[in-house]
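Me: Please take me through the charged pairs and then the overall build of the structure below, with the criteria stated as you go.

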Amino acid sequence: MTHTERHSANQCELILSVFNTLEQHYGYFDWWRRDDPYEIVLGAILVQNTNWKNAEKALANLGEQCNPISIADMELDELAQKIRSSGYYNQKAIKLKAVTQWFLKYQYDMSVVREQDKDQLRKELLEVKGIGGETADAILVYAIGKPSFVIDAYARRIFTRNGLDVPKSYEKFRALMESVIPPDTQRYGYYHGLLVEHGQQFCHPKPKCQQCPLTQDCIKNGVEALA
């Protein structure tokens, strides 16, 4: 086995080991379950640069208007005020309008969206104003039901601290995860949820290592520099 192959095998083993430990610690849960997939699309944008509590307040404030026809018809200023709790509300109102415009291409019918090829949908989403890789992948997994691995700050922090040579590029890190974990929408959704849960409970910028289930393999020296 060459050095490169050995390095690749070690990386693969490390990734699977982290998820195995997290699965054993947290058990299975259904992350981001919502009856309305359009609400998940909006939530994926509203949660940008804030926490879920603030995004959820904005969704609650939209109330019965949390549907594509109402969002498309609403004045931009009114929409911005309704989602004020999510922060950056003027920019986010523009983004919500833009993603709703994209949804119109499919007659606001998620079953029609789901018939499309994943890579094509991802390309389309990335062309929507205000949607980057993380938001596009969250929409694909949780709203549309396509296996696309979500990379976020928690994933970077947890895997860096556990010794993975984390690629700087979002796309390269996503490709690495998808090369190790076979495409499976439910698993990708669950694994992203595990990383968020673990990041919120233990792996803070200043980590709470004492009860952490990953503490055995975690690189503790200079850990705060990796925040």
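Me: Which residue forms a salt bridge with Glu-171?
Reply: In this predicted model, local features need pLDDT of at least 70 and side-chain atom pairs count only at pLDDT 80 or more, whereas totals for chains, interfaces and linings use all residues. Residues are numbered from 1 along each chain as its sequence is written, and side-chain values use heavy atoms, with hydrogens and water left out. A salt bridge requires a side-chain nitrogen of Lys or Arg within 4 Å of a carboxyl oxygen of Asp or Glu. With closest N and O atoms 3.0 Å apart, the partner of Glu-171 is Arg-122.

Me: How many residues apart are Glu-171 and Arg-122?
Reply: Helices here are DSSP runs of H or I with at least four residues, numbered from the N terminus. Glu-171 belongs to helix H11 (residues 170–180) and Arg-122 to helix H8, so that the pair links distant parts of the chain, and their separation is 49 residues.

Me: Where does Lys-105, the partner of Glu-124, lie?
Reply: The closest N and O atoms of Glu-124 and Lys-105 are 3.3 Å apart. Glu-124 lies in helix H8 (residues 118–126), so the pair ties together parts 19 residues apart in sequence, and Lys-105 lies in the loop between helix H6 (89–104) and helix H7 (110–114).

Me: What is the radius of gyration of the protein chain?
Reply: The radius is taken over C-alpha atoms, and the globule rule is 2.2 Å times the number of residues to the power 0.38. The protein chain holds 12 helices and 0 strands, and its C-alpha trace spans about 60 × 35 × 30 Å along its principal axes. For 227 residues a compact globule would be near 17 Å, which agrees with the value for the protein chain, 19 Å.

Terms used: Helix = DSSP H or I, 4+ residues; strand = E, 2+ residues; numbered from the N terminus.
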